[in-house]
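Please open the model in your viewer and keep the selection tool at hand. The tour below goes from one selection to the next and says what is there.

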Amino acid sequence: MTTDIVVSAPGKVILHGEHSVVYGKVAVASSLNLRCFVHAAISKDGDVTLDLPDVNICRKWSVASLENNLLPRLELCHDSHGHPSPPTEKSLHRLKQFAEIDTEESESRHLAIISFLYLYCYIGQRSKEQSGLPPIHVRMISQLPVGAGLGSSAAFSVCLAAVLLQLTGQATPSVHPEEQGDSNSAKGAVWKWSLDDLLLINKWAFLGEKIIHGHPSGIDNSVSTLGGAIRFQNKQITTVEKMPSIKILLTNTNVPRSTKTLVAYVKNKHDKFPEVMGPVLQAMEGLAERSIKVYGHMFDRPDKWQGYSQLEVSFSF
Ligand SMILES: Nc1ncnc2c1ncn2[C@@H]1O[C@H](COP(=O)(O)OP(=O)(O)O)[C@@H](O)[C@H]1O
Ligand SMILES: C[C@@](O)(CCOP(=O)(O)O)CC(=O)O
């Protein structure tokens with residue numbers, strides 16, 4: 001059994017279509033060179049530990065209490081497409097009770113605990129390695145600012161899904177043949193996931209995102225799982241093959257905000273003013289499609305400056 005692993009996943013920037021992607025419009029996102037790292041191991045003390053120093057959380061539970069007091073009280077069901085469903089109202093209440101989180105007013109950072117417990121129970125009970133839930137120690141550290149729109153929650157969810165699937169034998173990376181590292185051991189080697197495993201990780205990471213976000217489009221977890229740049233619409237992912245290397249200045253205002261609250265704010269506007277919001281979302285899609293073409297031209301031609309001025313038109317709208 002795998003006992004000691006490190007996994008990382010990148011943050012993202014949504015270049016076009018932030019928010020409109022939630023309403024099925026085309027969006028473009030690119031991964032960033034800022035990553036979330038998780039170290040996970042089978043623990044020797046028989047406990048489950050969740051250590052999240054970035055959000056000042058460290059919790060420990062015994063496997064026995066998780067198996068006896070939480071797992072049997074959760075409604076773990078699949079939707080009509082066979083995908084794992086987010087917690088029902090009842091399950092959410094029980095998760096919060098178990099984690100001793102205020103059931104009425106929980107902070108966004110506490111959703112990381114709920115997400116962990118739900119994914120741990122759901123994935124853990126399907127373990128191919130052992131009967132019963134595994135005792136594990138999980139520590140996560142991120143280079144991404146939390147709540148700054150760079151996909152910290154998605155990178156968190158991707159790392160979480162990947163380590164849980166790997167520790168329970170449901171997904172296994174293999175050493176990349178051309179990058180073996182030290183020939184006597186796997187140390188220094190580059191590990192790669194198969195596409196099937198990546199899609200499995202993405203599926204579970206989406207569940208984590210649903211817990212933290214409410215109603216995510218799925219773009220963040222998809223680009224964080226697959227890397228590179230993607231075009232995304234209604235859960236359909238296409239790699240943007242002709243993506244030029246461009247410079248983007250990202251500024252952290254140091255004013256954190258909750259994506260869940262912002263998405264709910266836009267939904268409220270959409271519900272109240274559909275005749276205004278409809279054309280706005282359509283226009284955003286037009287800009288996304290136009291920009292994909294500009295990226296293609298920039299990729300093909302060595303003189304990128306002309307492309308930058310065309311991109312400026314998209315961004316200045
Ligand atoms: N490094 C981390 N450690 C623990 N939880 C994290 C971390 N990064 C993100 N999260 C979870 O994601 C939430 C932030 O998500 P969100 O509001 O969508 O911001 P972002 O735009 O950064 O994704 C945090 O409150 C926490 O629940
Ligand atoms: C606002 C939205 O388009 C992107 C959210 O990104 P972030 O979690 O704020 O980094 C929501 C979504 O696509 O699910």
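Select α3 to begin: at 1.5 Å a residue, its 14 residues should span 20 Å, and because the end C-alpha atoms are 19 Å apart, the two values agree; the expected span is 1.5 Å times one less than the number of residues. Helices (H or I, at least four residues) and strands (E, at least two) are DSSP runs numbered from the N terminus. Of the 14 residues of α3, 13 are buried, that is, with 20 or more other C-beta atoms, placed from the backbone, within 10 Å of their own.

This is a predicted model, in which local features need pLDDT of at least 70 and side-chain atom pairs count only at pLDDT 80 or more, while totals for chains, interfaces and linings use all residues. Residues are numbered from 1 along each chain as its sequence is written, and chains are lettered from A and ligands numbered from 1 in the order in which they are written.

Next, select ligand 1, which 23 residues surround, the closest being A112, S142, S152, S153 and T259; a residue counts here if its C-beta atom, placed from the backbone, lies within 6 Å. α3 (111-124), β5 (136-142), α4 (152-167) and α5 (195-213) each supply at least two residues of this shell, and α4 gives the most, with three.

Finally, select α8 (residues 274-300) and α9 (residues 305-316), which pack at an angle of about 175 degrees with their axes 10 Å apart; the axes are lines fitted to C-alpha atoms over the stretch in contact, and angles run from 0 to 180 degrees between N-to-C directions. That angle makes α8 roughly antiparallel to α9, a term for angles over 145 degrees.

Technical notes. A residue is buried if 20 or more other C-beta atoms lie within 10 Å of its own, exposed if 12 or fewer, and partly exposed in between; C-beta atoms are placed from the backbone. Angles under 35 degrees count as roughly parallel, over 145 as roughly antiparallel, 65 to 115 as roughly perpendicular and the rest as oblique.
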